[in-house]
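Hello,

Here is the structure you are taking over. Please open it first, then read the notes below.

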Amino acid sequence: MKLLEARGLGVAYGDFQVLWDASIEADKGEIVCLLGPNGSGKSTLMNSLSRLTRLTAGEILFDGHALHDLPPHRISSLGLSHVLERHRLFPYMTVLENLLLGAGPRPDRARLARAFERVYSLFPRLKEREKQLAHSMSGGEQQMCAIARGLMSEPKLLMVDEPFIGLSPQLRHEVAGALRRLNEEGVTILLIEQNVREALAFAHRAYVLRAGRIVLAAPAGELLAGDALESVFFGRRDDERLH
Amino acid sequence: MTATLATQLLVSGLGMGCIFALIAIGLTLIYGVMNIVNFAHGEFLMISMYGTWLAYSFWGVDPVVALPAVGALMFLFGVLVYYVLVRQVLDGTMHAQIFATFGLMVFLQAAAQFVFGADYHAIDKSWLGGVLRIGGITLPSAQLAAGLGALLATLALYALIFRTHLGRQLRAVSQDRTAALTLGIDADRMNALAWGIGAACVGVAGALLSSFYYVFPRVGAVFVLISYVAVALGGFGSIGGALVAGVLIGILQVISGFFVASTLKFLPVYLLYLVVVLLRPTGILGRQ
Ligand SMILES: Nc1ncnc2c1ncn2[C@@H]1O[C@H](COP(=O)(O)OP(=O)(O)OP(=O)(O)O)[C@@H](O)[C@H]1O
Ligand SMILES: [Mg+2]
């Protein structure tokens with residue numbers, strides 16, 4: 001069953017169009033990955049789903065709601081959580097305060113207790129750091145805290161923009177393990193990742209962006225086996241050749 | 001110098017300092033949440049003082065009684081200014097934002113001049129008038145009460161911002177607006193709230209001041225200039241910094257007013273400001 005279905009999305013920053021006719025979907029329980037070179041529009045696409053960037057075209061349906069008409073602060077309560085690129089914690093607040101804010105404007109007690117239990121069992125070291133200011137933690141801990149904050153609203157779809165960037169192999173393993181566990185619990189995941197092999201080993205399906213367009217969409221296994229990816233990352237389009 | 005005199009200076013300095021701090025916190029709160037300097041902050045204070053004075057001279061309402069109403073009305077006024085004026089220039093250039101609140105300042109001053117004239121008004125028979133004698137120490141009770149009131153208001157504000165979920169949401173918008181939006185926080189409402197609270201701060205300060213200070217169209221400038229210094233000194237957007245700096249300035253100006261000359265009482269304040277800005281440009285408690 002489709003949880004997310006976005007069709008024909010277009011985004012422009014001012015007069016400068018950076019995303020054209022992007023359509024993506026995610027089934028319940030899937031892990032979907034957005035791939036593509038730097039500047040290809042991965043974050044822009046994800047930001048447009050959580051309504052942080054204005055659409056010039058297209059529509060977004062999520063779990064029975066039409067997101068394209070909504071302002072950004074109305075999205076998380078519908079069950080779509082977005083963990084931004086570079087974690088974006090509130091630097092001068094404690095881990096605890098960051099997590100509390102993740103639970104939404106009026107969290108009720110029972111839900112709060114449940115959410116805390118879940119994120120602390122996923123990331124036990126956050127419990128030890130409860131009272132620490134976010135900006136004083138290591139990069140890896142901040143990334144964990146950001147994912148945990150995104151989970152406090154108990155989302156159906158978790159979108160994470162480059163969760164593994166800058167992490168040591170050990171931490172990467174830990175974060176990937178947590179995401180996999182969440183997925184097994186039924187959370188649908190949409191993530192952005194630069195490392196193609198790692199992403200494809202992790203995700204069920206992937207979309208590949210290049211210069212603001214989706215140029216490939218396929219199950220991870222197919223992409224790993226074929227050589228279609230090479231041309232996206234290293235090849236030139238016909239119109240880029242000398243002529 | 002006798003102990004009596006020292007106590008008098010200290011108490012009076014602390015009292016003024018708390019008032020400066022309250023005004024400065026209102027200013028720094030608005031700045032911290034949306035990076036806009038409210039140049040009309042002093043005029044908000046002036047309106048509150050006129051309001052208190054009007055209530056007294058037309059209906060005989062004492063400033064102590066008028067205070068909650070003036071605070072609440074100023075809250076609404078701040079919210080109104082946000083929705084009608086500030087919101088229209090939020091996506092505009094910095095110039096547009098500066099001219100919006102600067103224009104409001106000029107407009108409010110001219111309006112006050114037009115309606116009330118340039119005369120100085122005073123509330124002469126406030127409940128808080130007279131002096132208080134404790135031991136051998138004589139203290140002007142209006143000033144003392146004003147300082148105390150400002151201190152209480154400041155503490156209440158501090159609790160609101162640092163101890164409640166609403167305050168946490170305000171700080172979230174101030175620290176990372178986009179991240180706050182992804183967590184379901186309505187940043188636009190937080191902006192309005194910041195303007196409301198910022199204006200309510202001067203509302204309370206204005207009601208307290210008017211029981212012992214003259215009211216005239218340009219009265220805002222007297223206090224707000226010092227509050228700008230407190231904000232810069234404490235670190236832009238830092239509530240604790242504004243509080244510390246406000247109190248420090250209050251004590252400093254009373255002491256120098258006594259030992260040097262009352263016309264020069266703010267000189268050491270500006271000197272201190274220069275030194276701090278040169279040595280630590282982000283202010284006492286400011287962040288990089
Ligand atoms: N706020 C903005 N204003 C103007 N242009 C922007 C803005 N954000 C992104 N862009 C441009 O849009 C294009 C896509 O950027 P985007 O951040 O979506 O790429 P990305 O695929 O996420 O890249 P990366 O892998 O480096 O994170 C780039 O050309 C970028 O310069
Ligand atoms: Mg990106």
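This is a predicted model: local features need pLDDT of at least 70, side-chain atom pairs count only at pLDDT 80 or more; totals for chains, interfaces and linings use all residues.

Helix α1 (residues 3-34) of chain B and helix α8 (residues 187-209) of chain B have axes that come within 9 Å and cross at roughly 170°. Angles over 145 degrees count as roughly antiparallel, so α1(B) and α8(B) are roughly antiparallel to each other. On the α1(B) side, the residues in contact include B:Ile19, B:Leu22, B:Ile23 and B:Gly26. On the α8(B) side, B:Met190, B:Asn191, B:Ala194 and B:Trp195 are among them. By class, this contact has 16 nonpolar, three polar and no charged residues.

Strand β1 (residues 2-13) of chain A and strand β2 (residues 16-27) of chain A run antiparallel, joined by eight bridges. A:Glu5 faces A:Glu25 in β2(A). Two residues separate β1(A) from β2(A) in the hairpin. In the turn, A:Gly14 has a positive phi of about 65°.

Next, the sheet. Six strands of chain A form an open sheet in the order β6-β7-β8-β3-β9-β10, with mixed pairing. Its edge strands are β6 and β10 (213-219) of chain A, and each pairs on one side only. From one strand to the next, the twist averages 15°. Strand β9 (residues 205-210) of chain A runs antiparallel to β10(A), and six bridges join them. A:Tyr207 has A:Ala217 in β10(A) as its bridge partner.

A helix goes with this sheet. α1(A) lies across β3 (31-35), β6, β7 (157-161), β8 (188-192), β9 and β10 of chain A. α1(A) runs at about 145° to β8(A).

Last, the metal. Which residues coordinate the magnesium ion (ligand 2)? They are A:Ser43, through OG, and A:Glu85, through OE, at 2.0 to 2.6 Å. A:Ser43 lies in helix α1 (residues 42-49) of chain A, while A:Glu85 lies in the loop between β6 (80-83) and α2 (95-102) of chain A. The pair therefore ties together parts that are 42 residues apart in sequence. Are these two residues buried, partly exposed or exposed? A:Ser43 has a relative accessible area of 17%, so it is buried, since buried means under 20%. A:Glu85 is partly exposed, at 27% relative accessible area.

Over to you.

Methods
Residues are numbered from 1 along each chain as its sequence is written. Chains are lettered from A and ligands numbered from 1 in the order in which they are written. Side-chain values use heavy atoms; hydrogens and water are left out. Axes are lines fitted to C-alpha atoms, for helices over the stretch in contact, and angles run from 0 to 180 degrees between N-to-C directions. Helices (H or I, at least four residues) and strands (E, at least two) are DSSP runs, numbered from the N terminus. Angles under 35 degrees count as roughly parallel, over 145 as roughly antiparallel, 65 to 115 as roughly perpendicular and the rest as oblique. Contact means heavy atoms within 4.5 Å. Ala, Val, Leu, Ile, Met, Phe, Trp, Tyr, Cys and Pro count as nonpolar, Asp, Glu, Lys and Arg as charged, and the others, Gly among them, as polar. Two strands pair if DSSP finds at least two bridges between them. Donors are N, O and S atoms within 2.8 Å of the metal (3.2 Å for Na, K and Ca); water is not among the atoms, so sites may look incomplete. Buried means under 20% relative accessible area, exposed over 50%, partly exposed in between (1.4 Å probe, protein chains only).
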